[in-house]
Each structure stands twice: as structure tokens, then as C-alpha cells.
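Visitor: I am new to this structure and would like to learn how to read it. Could you take me through a few of its features?

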Amino acid sequence: MWEDYVRTVEPYVPGEQPKVSNLIKLNTNENPYPPAPGVFDVLKNMDAVSLKKYPDPTCSVLVDAIADFYHVDSDRVFVGVGSDDVLSMAFLTFFNSDVPILFPNITYSFYDVWANLYRIPFKQIPLMEDFSVRKEDYFVPNGGVVLANPNAPTGANLPLKDIEDIIEHNRDQVVIIDEAYTDFGGESALPLIDKYENLLVVQTFSKSRSLAGLRIGYAMGSRKLIKYMLDVKFSFNSYTMNTPALLMGAAAVKDREYFEKTVAAVIKTREWTKGELKRLGFSFADSKTNFIFARHESVPRDYIFKRLREEKILVRAFNGDIIKDYLRISIGTDEEMRVVIDTLEKILGEFENA
Ligand code: PMP
């Protein structure tokens, strides 16, 4: 009866990565702009012979570059294979209490998957009707707190003072703030890591640094938190990060100017898209991310999704009671978003005339 002893889990389902290239792909919040020029240089000059050796287990080129960018000490930075890996390691390291950890009922849908995988008890706290977090809901006994801020897939941002209030009420557990999207207009909790030893801030190169394919995520926090995470990492897999990722990641993070320029471009396009979506009858929480989570006032979500797909535009639709009427549309280039808006206008017009 070996199957009685299998660790059975319900896995996370990532967004589709289509095999065809003629789509406007706005379903996984990738950045429409290429990585920084330095990444191309590293790739061009890389000698495949170097791959015969194991990578640096301490990941120091990348860790030091991140530490430099954020003006923190290197022993306060942890890197992993995307923030998925970093978050998963953090769950495994810090959530070992019998008291449930807390996170919102609508948030990144990997949190409950990791909790189930690691047998961590958890409680999902309903968001308010406008998709905002009610901070008082987190002022109760718990085994840890995880908040994506800005939240996904809603895009809504909780002000830093509310995040700090939640940390203040949870000094005895680890509080993880998942800031995958913060560079697009959120308020990072990074300035608080000196004040709170139990605060872990997690970010990624997948969105604002255009490197989803390279798989780099990182966490910053107190020396103690990072040391505990490293102990678990080195008990799991010494070589999480491969050599090309370490070198290209370091090149990406060194180019502050390119980073700021591309992030500003995405934000500008997002603000334009918000105005156009409103004009077409969509409503949405104000997004501080590189996506907009929107519902149409009269045309069914699944109809719009299907018609967009037929028109070669791929967006994301989640199931689930409260969010089943919403489409999550990642922000592409200006040209792509113009096509999206024109196509939506056509689809909505067809529906109304049918
Ligand atoms: N957190 C949130 C809120 C996300 O939306 C994502 C992207 N799917 C991640 C973490 C993980 O991103 P990555 O592993 O590419 O860093």
C-alpha cells in the first residue's frame, strides 16, 4: 500500500506559456521590455567551459550586487530560483507552529499550496469588498503572516503604515511581505527591516527586471532570519542558482538607470490603459502593479476571454467565487495595449449588437 504514504498535494497551476509566438501575451505579468543591455553582454561572452564546474554555493556575485543596490549588508540577502523558491524556503524555515498562519483569501495562489505541501496550518482571511486588506484581521494570534503587497491578482496596495501596524501586532512571529510587484508603484517595507527582526521582504527579477526566464528571487531581512533560511537552503540543495543566472542577474541589478526607465514606461502605459478600460465599461481596484484586474459591467468575463484568445490576445482568468468575473491583463508595450483596447472595443461592440 505504498500509495498510503505518498505526499499527495494539489499543485499550483502556472499561467500558460504558449508554444506559438504570434500572440500578444499578457497572462503571466512578464515585462514587455528586454533585460538590461549588460545581460546580453554576459550571455555573449559566456564560455560554456565554465559550466563544467559547480556554481558558487554562496551566490556572492549576485548577493553582493543586490546588497549594493539596496544599501544593505550582504549577510542580509538571500537569493533563490525565483521568488517562488525563496518564499517556499521561507515557509519551510519559519512556519513550524501549530497555530495557523494567516494570508488573504484572494492572493497569490501558491501560498496555500506550500502550506499544504509542508503541512502548515493556515487561515485565509477574506478581503474587503473593494479587495483591500483590513489590517485588524491580522491582529489575532497566529503562526505567521504572509501578505503580497501590492496584492496579486487584485493589484491593490496596502499603505506602508498599515503594513507596519500589522508587523507591530505580530512581533512574535515571522511576517513575510511578498513584494513581487512593488517596483511598479507600491511602498516597499524594506526600510523597516532594520526595525523589525522578524520581517522578511521578498522580491523578484521576474517582473521589474525583465528576467522571468532566468529565475531569480531574493529576500532581505535581519541577519538572523537570513541565517536561518541559509541553514535550510543548505540542507535542501547547495546549488540552487546556476552560474549563468548568477552572472546575468548581477549584470541586471547593476544597471539602475535601465531599470528605472523600463519601470517608468510600464507605469505610464498602465495609467493610459486604466483610462481606456474605464471608458469601455470596466471597473477595477487601482493597480500599483504591472497588471490590471478588471471586470466588465455587462459583458460576461468568459466571453471576453474567449474572443480575445481568438484575436490572439492571451490574458488570465481565475476561477473562484469572488474573482470569476475578472480578467487579469498584464501591461505590455504601448503598441500592444493599443491593440488590446481596440480589440476589446470591437468585441464589446459585437456583443452589444448581437
Ligand atoms: N509572488 C507573487 C505575488 C507573484 O505574482 C509571483 C509571480 N507568479 C511570484 C511571487 C513568483 O514569481 P517568481 O518566482 O517568478 O519570482
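This is a predicted model: local features need pLDDT of at least 70, side-chain atom pairs count only at pLDDT 80 or more; totals for chains, interfaces and linings use all residues.

Visitor: How many salt bridges does a search of the whole structure find?

Guide: Side chains of opposite charge can pair when their charged atoms come close. A salt bridge here is a side-chain nitrogen of Lys or Arg within 4 Å of a carboxyl oxygen of Asp or Glu. The search of the whole structure gives 28 of them. One joins the side chains of E136 and R134, at 4.0 Å from N to O.

Visitor: Where do E276 and R279 lie?

Guide: An α-helix has 3.6 residues a turn, so residues three or four places apart point the same way. Helices (H or I, at least four residues) and strands (E, at least two) are DSSP runs, numbered from the N terminus. Both E276 and R279 belong to helix α8 (residues 256-279), 3 residues apart, or about one turn of the helix. Their side chains form a salt bridge of 2.7 Å, N to O. E276 counts as buried at 18% relative accessibility, while R279, at 46%, counts as partly exposed.

Visitor: At what angle do the axes of α9 and helix α10 cross?

Guide: Axes are lines fitted to C-alpha atoms, for helices over the stretch in contact, and angles run from 0 to 180 degrees between N-to-C directions. The axes of α9 and α10 (residues 334-353) come within 10 Å and cross at roughly 125 degrees. Angles under 35 degrees count as roughly parallel, over 145 as roughly antiparallel, 65 to 115 as roughly perpendicular and the rest as oblique. α9 and α10 are therefore oblique to each other.

Visitor: Which residues make that contact?

Guide: Contact means heavy atoms within 4.5 Å. From α9 come Y303, I304, R307 and L308, and from α10 come T343, L344, K346, I347, L348, E350 and F351. By class there are 7 nonpolar, 1 polar and 3 charged residues. In this scheme Ala, Val, Leu, Ile, Met, Phe, Trp, Tyr, Cys and Pro are nonpolar, Asp, Glu, Lys and Arg are charged, and the others, Gly among them, are polar.

Visitor: How do helix α1 and helix α7 pack?

Guide: α1 (residues 37-45) and α7 (residues 243-254) pack at about 155 degrees, with their axes 7 Å apart. That makes α1 roughly antiparallel to α7. G38, V39, V42 and L43 of α1 meet L247, M248, A251 and A252 of α7. This contact has 7 nonpolar, 1 polar and no charged residues.

Visitor: Which residues of helix α2 are buried, and what covers them?

Guide: In α2 (residues 60-70) the buried residues are L62, V63, A65, I66, A67, F69 and Y70. Their cover includes β2 (77-80), β7 (199-204), β8 (217-220), α7 and α8. Just after α2, H71 has a positive phi of about 55 degrees.

Visitor: Where does I106 lie, and what does I106 touch?

Guide: I106 is in the loop between β3 (101-104) and α4 (111-117). I106 is buried, with a relative accessible area of 8%. Not counting residues up to four places away in sequence, I106 touches L127, F131, N151, A152, P153, T154, I322 and I323. The C-alpha atoms of I106 and G320 are separated by 9.2 Å, although these residues are 214 apart along the chain.

Methods
Residues are numbered from 1 along each chain as its sequence is written. Side-chain values use heavy atoms; hydrogens and water are left out. Buried means under 20% relative accessible area, exposed over 50%, partly exposed in between (1.4 Å probe, protein chains only).
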